[in-house]
Structure formats: structure tokens, C-alpha cells
Amino acid sequence: MINYQDRLFTLETERTSYQFRVAEFGHLEHIYYGERIPRGEIATLTTKHSIMQGSCVLYDAAQDDTYCLDTMPLEWSGVGCGDYRQTPIEVKLADGTYRNDFLYDSYEIVSGCVKMESLPSAYDETNSAQTLIITMLDRAANLKLLLYYTLFPETDVISRRCVLINSGENAVSIRRIMSMQIDMENEGFSLITFDGAWIKETHRHDRKLQYGQFVNSSVTGASSNRHNPGFLLYADGATQSHGRVYGFNLVYSGNHIGLAELSPFDLVRVQLGIHPQGFDWQLAAGDRFETPEAVMTFSTDGFNGMSAHFHDFVNQHIVRGDWKGKERPILINNWEACFFRFTRSKLLRLARQARRLGVELFVLDDGWFGKRNDDHAGLGDYDVNRKKLPRGMKAFAEEIHALGLMFGLWFEPEMVNPDSDLFRAHPEYAVTTPNRTPLLGRNQLVLDLCNPDVRDYIVEHVSRILDDAKIDYVKWDMNRHISDAYSPVLANQGEFYHRYSMGLYDILTRIFRPRPHVLLESCSSGGNRFDLGMLCFSPQVWSSDDTDAIERLKIQEGLSYLYPQSSMGAHVSASPNQQTLRQTSLATRFNVASFGCLGYELDLKHLTMLERKEAREQIAFYKKNRKTLQYGRLIRHDTPKANKVYVQAVSKDQESSVIGVYQPLTSAAEGNDILPVSGLKDEWRYRIATKGQRIFLHQFGGLVNHLLPFSINPNGLLLRWADRLYAIRDCVETYEASGKTLMQGVHLNNQFVGTGYHERVRMLGDFGSNLYTLETMPVEQVK
């Protein structure tokens, strides 16, 4: 609910309050953001200004000798008025000056969300959202600023954005404009960002705030694998389940910047928006510019509480279309099985094998078009390669559908190879800088999405294939960063990067809004464009090209702070892994991938009979627990052991749960393990059981000779042959107890410690893992 009384704005979600007021001279002074409190009791919450600080520049010395913007917590600031922290807005006026000072004029409260004109944004189908629109004026500059605050009460998320309107007669130049600003008192904050690179995305990094600015940004042309737009602030002592945590993110897929600045007066300024590097937007008289939408949330329940808010927000207010809230299909992707070298018969064999395992969707990846026999040619062309698919795409799709599988197809529409029919016909479609040699990334150039002819070309060709072949799923890739930022259709090149993002959203809207049945999975060399902007179109995103299970623990954990499991593509691939050479068991590969949208990406013909049986059982398990794994409440457990990772998903009705236990590295004489459990009903009774899995003989190496009456070569043919036919069942534990008892921790059987083996010994070792299921017991079984 939004309330205005006595110059005080109060915004309330189910569990949080957000308050600011109109200060003496018309600036918006931030008062409070945190857990829900009674309205109007602000005397103890306001930052005091009882005496002027040294070195302050007073806003109006004649009327108030303590009113200094540099010491005030503000909702918005300007340039040249005494606030020397980072400004959210920099505008070059027609007279060449930069001073701006936006003061409160009026407000409006409307039901629901206010739709944006050029960018994707959150929406509401619950009739619970409210939007506050505050009008700020800089009368001297003839500029109007609209600040939007939209409340999503059930998810405890508030969105922020602004619109700048040129009310004057002359054009102005926007050099910087943020989507949001908030100033808060420092609570001993630390900043968490999610950083990395190709195949090591979204690793969590913590930094204690110190005086100065901490910046989280990307200038690659996309949200990037380097620094995800989302970041967190947490107060001293916060853990996964306890403590004060603030979360921030941006509904945008282009160059972004977020910052946390600790001022000399211990105020923390947070900003989030479009990166100003190379940004110069000409705003003509009467025109308006809208920023991307930023979102923020707060929880006293630690990181898990904050994540729960963002997960619900994404599932309810970002993801849309037929796949909103719908369980994602289990897929097989042919890429790591075939790369570019495939034939129709090879693909059909893989599809048949996958169908027998229980897979639901077959995805044909790169290499099906033009002269695409490697990554040097073909991008930009859409004619099917008839040497690989002699009967064309429509006929091949019909064959896949006839197997009872959905059919998906890979595209990379934003790119072009110099060796392509498109580039030869239209070299002007590629992004290049005049009089300079263009730079290549993965042997390709970027197409100019600022150009409406390029957008029309992409929409026409992709749409034709989707309709002709009745495609059910699209993997939309983008395999390089943008350089040479220039478009001949733009008079002002400072608008290139933002107009590129707007062009991308235009293309996605025109292709997929009329086809809501198509499941779109965004990809950009893995997680190079995992953001809320893309999730407005693609219900799931390929998390990383790294399918190594142990690396995926870090990647998927990082993503989970900001995004739900239902948005994360996660695949079981071959071992040794193609990105790390690490060898992990089939069980661990599945146990990690199961906390996402499950897929398989390997040549199934190389699996042994027992491995195929194992994979079939994995898929059956996933289908049974899919709703909980994709849409259940995710809990990351704190652990006293550095070599353990515990992840839990609890169904919304709290009747079932799945817990993953992962041991990246073992230690000698491993001590007792206690399985953490949360999210259950105290009074209900549950049965907890280990998911069964196999231990293949080769994992024991020479130890098998201690079990046999004769000696064999642990690297020999006999053991390899036996490994295909026989495996040992890992330890299975089953217990029954009330939810309250289980949440005290489940004491597990001992691990293997080198002194022997039997069926009650847990065999984890390096890279080992187990899944545990919890289900409520039927009333007649409760003693």
C-alpha cells in the first residue's frame, strides 16, 4: 500500500516498509527501508542535521544553515548543488552547463504497473501492485523528471525507474541517468557481486564497504559473464537464514553499472542503471527518455529470505506467456555429442536413445544451416544444410515429433560471419567502424540491431523456420562481445549500445509474443546475458557452457541469490568434462543438474548398459520431484565444514523436499556429518530417504582386489567389462520423524574412511554427492 501524509510517503509490502519525505526545499529525503513498521513514527529514524558539518556547501544559507545535500540521505540528487557523491544524472544543457536541481512538484498513485514504451518491465496479474509517480521539476533547465515506484506486495519487491522529459525549446544531452538511487545509513555493510568469465560465471565475491565507491559494471554490450547486474548489501552478521540483507537488480540486458558508495558521513549511496561509458543521448524538445527498471528487496531472514523474494518476483512478475509457472521439459542437446559433425541418422539415433531414457525434448544445436561446418562460416544464413539434413528442417522436425519428442532448434540471429551469403549481399548490416579494420570474436561480427532492415531480416527468417517446422523450443545464442560500436542509421553514436538493446527487445517481441507456446532459452556463450531483461522473453537461460558438476555448484549457487531454479539451464554431460577435464560420477553430475532445468548433453551411445539404467532412473526421479526442484523454495544451508555444500528445495505446500549434499573434496578420517533440514511443518511427520545411486567398480581402482579371492588389473579389460555389467548400490538411509525433530539435523551414517566397506558406509570421496527426499507420511502410517 502507498500512503502520503504530511509530506511523508510510506510504501508497504507484506513484510517491508519504505519511507521518504519531501524536505524543506523540495528534495526527496530518504527515511527508512527495512522490515515493516508502523506508519508515521519517523522521529527516531531520520538522519539528524542539528549542526553544519565542516566543508559543507549550504543549499540556502540565508534560510537554513544546516541544510547541506552532501549530508542528507536522498532519493535523487543532482549536479552543482553541494552534493559531492556520485550523481544519478548528468545532463549537458543547451548553454553548455551541467547544473541540475530537481525539486518535488506533485505525485500520483495508480493501480497496477505502468507499462514502458521501449523496454521490458515487470507486470502484475494479481491486481495487488501499485505505482507511485512523483513529478520533479528543474524549472531553470526546463526539465521534468518522473520517478516511478511500483510495489509488488506479495513478493516484497519494489521497482524503481525514471523518465526524463525535455520541456524546453532546445535539445539537451543526457550523459548519465540512473534508474534508481537510495541513500541509507551504514550498517557495517558488505557488498556481494557475482563475477566471472566464460565457463566461470556468477562466482560470489564479498567486499567490506570502505570509504569511496565500489562499482559493479559491464561495457561488453550485454549484461555480461564478468559482472551480473544484480548485487547485494548485507549487515554485519548476516547468514543464509538470519540477518539484514538488501538485494538489487536491473531489468536490462545491455551495458550496466551499479555502485555502492560510502560517504565521509557514513551514508551508503546505491545506484543502478545504464553504464555512462560511451552513452550520450540527445533529447530533443518535447522528447522523453525512460530508463530500465531496477528492482530491490529487503529481508531480515538472511540471504535465503532475500532470494525467496526475488525468486517469487521473477516467477510471478517477470516470466510470462504459456511457460509461466509451467514445469520445464527434460532435454537432450546434441552439441557436446556431435559439435558440427552430424548427419540425420546420427541425430535420429541420439533422439531415439534419449526417448528410451525418458527425455522429452530434442534440441538440435549449431551447424544445421549454410556452410556451417565449423565456426568460420554461415552465421546470418538460414538455408538448411542439405548434406546434413537432406529432406530439410520441416521433415526432420516431423521425424522428431513422431518419436514423441518436442523439437528445439539453436539460432544465433544477432551475428554474421564474413563468410556468409548475408555478409556478401549486405556488408553494411554488420557493426563496423568507418576507416578501421573490424575486430572479430569467434570469427564473427555483430549485426546492427539499430537498423530496422536488419531487425526485419531476422524476424522474417527466424519466424519462417519456427512456423514451417513447428518448433517447440528455441536456444537463442550470442557468442561474442560488441566492439566497433557504430551504426550508419544513427546520427548520434552515443545512442548505439542502448538502441542495440532496444532493437533486440523489438526482435524478441515480434518473434515470440505471437508464439507464446515456444519455450525460449536465452544463451550467450553460456551465462553472458543472464538478466531480468532476457527473462521477460526467455523463461530459462543457459547458465554456463561449463557443465562440470563441481564448477556448476559455484555458478548455480551464485545465480540462485538472484534467480529461481526454474530459470537455470543445467545439463548432465560426459566425464571427463570437456571444460575442466575433471572426472565426476554420473550420479554427481545429475545431483547438481537436478537443481535447475534438467538436460543431458552427451553421446548416449557411449553409456554402458548400467549407466543408461542409471540415467533412466535419474530422469524418472526428476519427473517425480520436478515441481519441487524447479519451483520449490530454495534454501542454501550454512555449514561448519568447508568441504560440504548443502542445497534444499521445499515444495510450496511443505509436503515434500529434496536436499542435495555435495563434497567437492574429501578429507582423511572424515568426521560425522549432520544433514541440515529446514522449511518443514513442525507437527507433520515425514519420511526421509537417500535417493538410490550406483557406485561403479572403476571408482574403487585397486581396492577391488581386497574384495576378491584373486587379483585383477584395476586398469585391465576384465574390470572394464565387469564395470559395464555390475555396480554396487550406495548407502541408503531411511528415517521417520516430525518436522521439528528433523530440523534439528539428521545424523548420517559414516563416510568411507579407509577401514572397510559395507552397505551402511556412505561412499562420497572427492566430488561425491547424495540426494535425500522428504515426504509427508500418510495419516494411516503415522504411529
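A: The second largest pocket holds about 470 Å³ of space. A pocket here is an open set of points on a 1 Å grid over the protein atoms alone, with protein on both sides within 12 Å along at least five of seven lines, whereas a cavity is a set of points where a 1.4 Å probe fits but cannot get out; lining residues have an atom within 4 Å of a point. A volume is the space filled by probe spheres set on the points, which are joined across faces, edges and corners. The second largest pocket is lined by 24 residues, and those closest to its centre are Trp-198, Trp-335, Arg-442, Asn-479 and Asp-545. By class, this lining has six nonpolar, nine polar and nine charged residues, where Ala, Val, Leu, Ile, Met, Phe, Trp, Tyr, Cys and Pro count as nonpolar, Asp, Glu, Lys and Arg as charged, and the others, Gly among them, as polar.

The model is predicted, so local features need pLDDT of at least 70 and side-chain atom pairs count only at pLDDT 80 or more, while totals for chains, interfaces and linings use all residues. Residues are numbered from 1 along each chain as its sequence is written, and side-chain values use heavy atoms, with hydrogens and water left out.

The largest pocket has about 830 Å³ of space, and among its 34 lining residues Gln-583, Thr-584, Ser-585, His-698 and Gln-699 lie closest to the centre. Two or more lining residues come from each of helix H10 (586-593), strand E36 (694-696) and strand E40 (768-776), with H10 giving the most, four residues. Helices (H or I, at least four residues) and strands (E, at least two) are DSSP runs, numbered from the N terminus. The lining of the largest pocket divides into 14 nonpolar, 14 polar and six charged residues.
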